[in-house]
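This note is written for a colleague who is meeting the structure for the first time. Please read the points below with the model open alongside.

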Amino acid sequence: MSTSAEILTLPSRPPRFAFLRGLRLSGFPLIPTVILVGIAFVAVFANQLAPHNPEVGSLAARFKPPFWETGGTMKYLLGTDQLGRDVLSRLIFGARVSMVVGITAVIFAGVVGTTLGIISGYLGGWVDQLIMRLVDTWLALPALTFAIFLAAIAGPSMWNIVIILGITYWTRYARVIRGEVLSLKEREFVRLAIVAGCSKWTIMRRHILPNVINSAVVLGTLMLGVVIITEATLSFLGVGVPPPQPAWGLMLSDGKQSLMVGRWWLTIFPGVCIMLMVLSANILGDWLRVKLDPQLRQL
Amino acid sequence: MKQYIVRRIGYCLLSLFLLSLTIFFFVRVTGDPATLLVEPGASPDDIAAIHHQFGLDRPLLVQYGLFMASVLTGDLGQSFYYRTSVFELYWSRLPYSVMLATAAMAFSLLLGIPSGILAAVRVGRFWDSAGKVFALLGLSLPSFWVGLVLILVFSVYLGWLPSSGSGTPLHLIMPAFALGWYFAASHMRLTRSSMLEVLGSEYVKLARLKGLPQALVIGKHAFKNALIPVLTLAGINFVIMISVAVVVETVFAWPGVGRLLYEGVAFRDFPVVQGTVLMLGAMTVTVNLIVDILYAVIDPRIRLAS
């Protein structure tokens with residue numbers, strides 16, 4: 001009796017928020033998420049939020065300290081830099097640079113790496129050999145040095161940096177995704193698709209891709225921190241985002257000039273912003289990895 | 001074994017080939033390399049002369065052959081700024097990089113291994129959580145910012161340590177910390193997980209059943225085996241440190257290879273940039289090869305598995 005009743009009550013369609021239920025929101029890193037969403041909000045509404053123009057300063061107001069220090073004014077809440085530009089406004093617009101560069105570079109690397117990973121894993125044979133040898137050699141090279149070289153040759157520009165970061169970091173996706181595809185392609189549903197006469201491309205697109213998206217998203221979240229630090233490093237070294245654009249790494253580079261005379265606000269504030277963003281991305285990525293993807297736990 | 005080593009050397013040569021190819025073509029795809037080879041402000045006649053002198057008017061394959069021939073004979077060109085051979089410059093700076101990397105490595109191991117063991121022994125307790133926070137910060141803070149904050153605190157406010165340069169052991173403390181924190185975090189994580197694995201193994205359980213004191217079980221039986229993967233990682237990390245040190249060396253004006261690369265970029269001294277990247281890449285690939293071979297010699301499972 002009870003078994004038939006159970007069969008009758010089986011849901012006819014999957015529950016609407018099965019995905020969320022799978023996440024089981026216990027231990028959800030709320031604060032990091034709020035910080036990331038906050039930074040994204042600031043990045044989108046930078047024009048409305050920033051009290052001053054981030055790229056134009058007044059030389060009369062150079063090196064003003066934050067408002068609570070002697071000599072500071074409420075006009076420049078977090079002080080001004082060597083050209084009299086408002087630090088707060090530059091931080092706000094810097095969030096936009098970090099977000100745009102970080103997210104587009106992660107997506108760029110992700111699309112390239114995932115595509116090649118799927119092709120490599122599914123087709124196998126010489127294609128697999130070729131792509132994996134490429135990945136191995138790429139991973140053997142020092143990533144940061146390589147990125148500095150490319151950036152120095154290509155010249156400073158925000159979009160060059162996105163492409164360079166993508167070129168530098170696609171390999172990490174390719175290797176993980178290929179490993180997943182190797183086990184996926186032995187599964188029943190893929191074999192059935194082959195029997196049903198689907199072409200290789202259809203199988204890769206319709207059957208393999210949706211099953212590796214989870215891993216790609218988790219990797220992407222974890223890569224966001226790495227990419228943002230690399231962007232800041234390149235900007236700090238003068239081969240990243242070109243001045244006068246307000247990038248956090250660039251602000252640190254400017255601030256270094258007057259560090260020895262104790263103008264701490266030019267060094268502390270941009271660094272804290274980078275730290276908050278990277279720390280949040282890392283915590284969120286770690287949590288997602290454990291929740292969504294048991295296979296990635298050992299990463 | 002012989003086959004394994006031959007194949008590894010093959011991969012290594014492939015990596016080096018790919019590195020040279022990338023450097024060679026990227027320079028030519030993104031613009032006229034002649035403009036990079038002459039000093040800023042050169043006349044069109046100078047550029048034409050450079051074109052001819054370096055064979056830039058010849059077919060790409062011939063150019064690549066010439067490029068490789070000079071690289072293989074150790075000729076990486078002349079620095080515009082220092083007016084000496086890039087090869088010599090690199091070797092004169094390398095000892096400083098090795099010194100900094102040694103100090104940073106010592107710091108990262110002295111901090112990473114004991115804290116990793118402590119975290120594994122007290123898993124889920126206070127020291128484990130403290131270790132997690134330390135590791136997370138180490139992996140999330142850009143090393144150059146750590147360096148800047150250290151300068152602000154210990155040089156500007158407290159006046160205890162010199163902010164830049166080299167010469168005394170005191171000069172080494174802050175750069176080694178800024179560079180080593182990230183690696184201390186990764187060494188700590190690996191020590192912890194490796195130690196947890198060993199602590200759960202049969203022979204450790206047996207040692208406990210024999211009634212050995214906790215200190216002896218951890219110090220003698222578990223620790224030695226847990227250390228192997230950590231030391232392997234440290235070996236590879238040592239070379240990575242030398243390349244990653246670019247930013248830390250820039251912050252502290254430490255005269256290593258990384259600083260040389262930065263100077264090359266800042267002064268638009270192209271031969272220095274190209275030579276340093278080539279040398280750093282070659283060094284990384286070679287050390288990876290040596291570690292792979294040593295590992296296969298020590299552990300037969302690896303050469304059999306591949």
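In which helix of chain A is A:Leu144 found?

1. A:Leu144 is found in helix 7 (residues 143-154) of chain A; helices (H or I, at least four residues) and strands (E, at least two) are DSSP runs numbered from the N terminus. Residues are numbered from 1 along each chain as its sequence is written, while chains are lettered from A and ligands numbered from 1 in the order in which they are written. The model is a predicted one, in which local features need pLDDT of at least 70 and side-chain atom pairs count only at pLDDT 80 or more, whereas totals for chains, interfaces and linings use all residues.

2. A:Leu144 is buried, because 22 other C-beta atoms lie within 10 Å. (A residue is buried with 20 or more other C-beta atoms within 10 Å of its own, exposed with 12 or fewer, and partly exposed in between; C-beta atoms are placed from the backbone.) Leaving aside residues up to four places away in sequence, A:Leu144 touches A:Thr230, A:Thr233, B:Ser243, B:Val244 and B:Val246. Contact here requires C-beta atoms, placed from the backbone, to lie within 7 Å. By comparison, A:Gly72 is 72 residues apart from A:Leu144 along the chain, and their C-alpha atoms are separated by 38 Å.

3. The largest nonpolar core has 157 residues, among which A:Ala147, A:Ile148 and B:Met241 touch the most other members. Such a core is a set of buried Ala, Val, Leu, Ile, Met, Phe, Trp, Tyr and Cys residues joined through C-beta atoms within 7 Å. Its largest share, 17 residues, comes from helix 10 (residues 200-236) of chain A. A:Ile148 touches residues of both chains, including A:Leu234, A:Val239, B:Val246 and B:Leu261, with residues up to four places away in sequence not counted.

4. The contact between the chains takes 35 residues from chain A and 38 residues from chain B. On the chain B side, helix 1 (2-29), helix 10 (214-244) and helix 13 (270-298) are among the helices that each supply at least two residues. That side has 29 nonpolar, 9 polar and no charged residues. For these classes, Ala, Val, Leu, Ile, Met, Phe, Trp, Tyr, Cys and Pro count as nonpolar, Asp, Glu, Lys and Arg as charged, and the others, Gly among them, as polar.

5. Chain A has 12 helices and 0 strands, and 46% of its 299 residues count as buried. Chain B has 14 helices and 0 strands, with buried residues making up 37% of its 306 residues. The C-alpha atoms of chain B fill a box of roughly 85 × 60 × 30 Å along the principal axes.

6. Helix 8 of chain A is largely enclosed by the rest of the structure, because 19 of its 27 residues are buried. This helix bends by about 40° at A:Tyr169, the bend being the angle between axes fitted to the seven residues ending there and the seven starting there.

7. On confidence, chain A averages a pLDDT (the predictor's confidence in each residue, from 0 to 100) of 82, and 89% of the residues score at least 70. Within chain A, helix 5 (residues 87-123) has the highest confidence, at 91, and helix 1 (residues 2-8) the lowest, at a mean of 46.

How values were computed: Contact = placed C-beta atoms within 7 Å.
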